Amino acid sequence: MPEESVDHIDFEALLKNAISPPLVKHIFTADPSAHVFNGKIYIYPSHDIDAGDAFDDLGSHFAMEDYHILSMDAPTDTIAIDNGVSLQVKDVKWAEKQMWAPDAAEKNGKYYLFFPAKDYNGIFRIGVAISHSPTGPFIPEPEAINQSFSIDPAVFKDEDGSYYMYFGGIWGGQLQRWRTGVFLGEQPESPFAFLPLNHEPSLCAKVAKLTDDLLDFSETAKDVLINDENGNPLLQGDNDRRFFEASWMHKYQGKYYFSYSTGDTHFLCYAIGDNPYGPFTYSGRILDPVIGWTSHHSICEFENKWYLFYHDSSLSKGVTHLRCVKVTELKYDEDGKIIPINPYTF
Ligand code: FUB
């Protein structure tokens with residue numbers, strides 16, 4: 001992911017005109033996955049650091065090593081509590097580096113942290129770690145989830161008690177290297193290698209139902225198909241609408257809302273379906289581009305209002321891999337369409 005020139009940006013004005021402040025300022029945080037557990041908000045973010053790695057389109061500069069869980073009494077608070085280190089890469093046997101965007105789920109009083117990291121072969125896998133507290137510490141399983149790959153796990157609990165994991169990300173997230181179901185290799189290193197051509201259907205995020213113990217996939221992961229308004233799959237060249245990374249699922253008025261980032265065009269978008277597997281119909285944008293290259297989010301209901309948790313790079317004055325998590329209210333119109341949000345009030 002390239003570093004874009006930020007020389008022209010007036011950060012003082014930006015901070016003043018941002019619709020919401022960073023929720024913590026003493027560390028850099030990103031990719032916020034928010035959940036309500038026991039009446040409180042818990043945010044499972046990435047913990048951004050500057051490890052000195054050079055910028056590239058594979059995201060090598062996102063060299064995160066641990067997770068800190070944040071909590072808030074309500075999403076209307078402007079500050080979150082940092083509950084300290086909950087899991088470190090050095091304690092995960094199978095993982096070498098790059099602890100990217102995590103998520104969490106609760107079942108029968110146990111908390112499960114799902115996280116991607118590169119294994120010792122340079123392949124992104126998704127692991128799980130368990131705790132009796134929403135803030136950890138989390139004890140990792142010795143192996144990554146069998147048949148897991150790529151990044152950005154998001155775990156959705158449906159009303160019937162089933163749990164589904166949505167995941168995947170192209171370019172540095174390696175999803176395109178699994179097009180045939182097996183890993184096609186790390187070479188050529190280009191983030192564009194193995195991607196479909198622009199006129200071909202775009203690569204899809206993946207979804208798999210989890211086993212009862214939440215430690216495995218109960219099925220081979222399936223494509224999360226996003227169609228346009230005419231029922232045709234979005235194309236790879238449709239960069240403003242096609243899936244790139246940062247999956248999330250929520251349910252609103254009986255419909256399934258799959259949301260995601262378009263990556264190199266920097267939008268958060270969503271598509272609506274009738275069941276957790278889709279197909280989904282592209283339905284619009286949620287968030288305009290933020291300062292920084294990446295955009296990532298979660299959507300969470302609290303006391304009958306809905307909230308968008310997201311990040312930008314305003315706290316670091318535009319450094320792509322040093323981000324800060326934020327929250328703002330999210331509203332729907334009477335037809336169930338999400339009202340798009342501009343993160344800055346210019
Ligand atoms: O935080 C590292 C990566 O950047 C995430 O996995 C992506 O979703 C993007 O936010």
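Trainee: How far is a polar side-chain atom of aspartate 152 from an oxygen atom of the ligand?
Mentor: That distance is 2.5 Å, within the cut-off for a polar contact (a pair of N or O atoms within 3.5 Å). Bear in mind that this is a predicted model, where local features need pLDDT of at least 70, side-chain atom pairs count only at pLDDT 80 or more, and totals for chains, interfaces and linings use all residues. Residues are numbered from 1 along each chain as its sequence is written, and side-chain values use heavy atoms, with hydrogens and water left out.
Trainee: And what about aspartate 31 and arginine 323?
Mentor: For aspartate 31, a polar side-chain atom is 2.5 Å from a ligand oxygen. For arginine 323, an N or O atom of the side chain lies 2.8 Å from an oxygen atom of the ligand.
Trainee: How much of the ligand's accessible area does the protein cover?
Mentor: The protein covers 100% of the 280 Å² that the ligand has on its own, using the Shrake-Rupley method with a 1.4 Å probe.
Trainee: How many residues surround the ligand?
Mentor: There are 13, counting residues with a heavy atom within 4 Å. Asp31, Met64, Asp152, His296 and Arg323 are the closest. The shell splits into five nonpolar, four polar and four charged residues, with Gly counted as polar and Asp, Glu, Lys and Arg as charged.
Trainee: Switching topic, which peptide bonds are cis?
Mentor: One joins glycine 136 and proline 137, with omega about 5°. Another runs from glycine 278 to proline 279, again with omega near 5°. Proline 137 is in the loop between β8 (124-131) and β9 (139-140), while proline 279 is in the loop between β17 (268-273) and β18 (280-287). Strands here are DSSP runs (E, at least two residues), numbered from the N terminus.
Trainee: Nice. What is the phi of glutamine 147?
Mentor: Glutamine 147 has a positive phi of about 65°, though it is not a glycine. Most residues other than glycine have a negative phi. Glutamine 147 sits in the loop between β9 and β10 (154-157).

Key. Polar contact = N/O pair within 3.5 Å; in protein donor to acceptor, adjacent residues only side chain to side chain. Helix = DSSP H or I, 4+ residues; strand = E, 2+ residues; numbered from the N terminus.
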